[in-house]
Amino acid sequence: MPRVSQEQARINRQRVVEVAAALFRERGLHGVGVVDIMAAAGLTHGGFYGQFANKDALAAEAFDAALAEEYRGTTDTVVANYLSLGHVQTPGKGCPLAALANDVSRELSGSLVRARFTQGVERLASLFAGLTPKASKERRRQRALATMATLVGAVVLARAVDDEALAKELLQAAQDSVAP
């Protein structure tokens, strides 16, 4: 079998990361295996370990890629997009914080995925702090953490209920509470 060029290997790796980012958000960290990810990426399972040390290494990279997709624009735009029914209904394309918080909370302290999740929380808090009106650094951080907790919590709850009207109400209440 011919070897894959470095460029094709890079493209394959990027595809695996993108697919894994979506599948982990849809099914959870433990709801999808390496075989599933590689098949969804259109690749064989054998190529996985040539690209990644293990599933946790892929999960950490996929988490970073998913987080990079989110959060662009003004605070109002970010909040409106985050607290949309579309975001609630498509976890595979949404925020990995809301999609994976429960899974990550069960990871051992010091795990690679948990460390990346923590970094993601810090990055998002910094983003929100930078978008908030001028105030002291401490006040901006507190407001950013509260905003982030409200957004993530509202999406997690809206995904969990089986009543679309209640889901919409949760999202609206969160939007109202973080409005300037």
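Which helices are included in what covers the buried residues of H1? Helix H2 (34–40), helix H4 (55–69) and helix H7 (96–105) are among the elements that do so, where buried means under 20% relative accessible area, exposed over 50% and partly exposed in between, with a 1.4 Å probe and protein chains only. Residues are numbered from 1 along each chain as its sequence is written, and side-chain values use heavy atoms, with hydrogens and water left out. This is a predicted model, in which local features need pLDDT of at least 70 and side-chain atom pairs count only at pLDDT 80 or more, while totals for chains, interfaces and linings use all residues.

## Overall build

The protein has 10 helices and 0 strands, both being DSSP runs numbered from the N terminus (H or I of at least four residues for helices, E of at least two for strands). Its C-alpha atoms fill a box of roughly 60 × 40 × 30 Å along the principal axes, and 36% of its 180 residues count as buried. Of the contacts (heavy atoms within 4.5 Å) with a separation of 6 or more, 62% are between residues 24 or more positions apart.

Helix H1 covers residues 6–27, and its 22 residues should span 32 Å at 1.5 Å a residue, which agrees with the 31 Å between its end C-alpha atoms; the expected span is 1.5 Å times one less than the number of residues. Buried residues of H1 include Asn12, Val16, Val19, Ala20, Leu23 and Phe24. After the helix comes glycine 28, whose phi is positive, near 90°.

Phe24 also belongs to the largest nonpolar core, which has 49 residues and in which Phe24, Ile37, Leu58, Leu83 and Leu97 have the most contacts. Such a core is a set of buried Ala, Val, Leu, Ile, Met, Phe, Trp, Tyr and Cys residues joined through side-chain atoms within 4.5 Å. Leaving aside neighbours within four places in sequence, isoleucine 37 is in contact with Val16, Val19, Ala20, Leu23, Phe24, Val32 and Leu58.

The table sets out two pairs, with axes fitted as lines to C-alpha atoms over the stretch in contact and angles running from 0 to 180 degrees between N-to-C directions.

| Pair | Axes | Angle |
|---|---|---|
| H7 and H8 | 11 Å apart | about 140° |
| H8 and H9 | within 8 Å | roughly 115° |

Between H7 and H8, residues including Leu97, Leu100 and Val104 in H7 meet residues including Phe117, Val121 and Leu124 in H8. The residues of this contact divide into 9 nonpolar, 2 polar and 1 charged, where Ala, Val, Leu, Ile, Met, Phe, Trp, Tyr, Cys and Pro count as nonpolar, Asp, Glu, Lys and Arg as charged, and the others, Gly among them, as polar.

Where H8 (residues 112–131) packs on H9 (residues 137–160), the residues that meet include Val121, Leu124 and Phe128 in H8 and Arg141, Leu145 and Met148 in H9. This contact divides into 9 nonpolar, 1 polar and 3 charged residues.

## Two residues of H9

Arginine 141 lies in helix H9 and counts as partly exposed because its relative accessibility is 33%. Not counting residues up to four places away in sequence, arginine 141 touches Glu122, Ala125 and Ala129.

Threonine 150 is also found in helix H9, and its 26% relative accessibility makes it partly exposed. Beyond its neighbours within four places in sequence, threonine 150 is in contact with Ala174, Ser177 and Val178.
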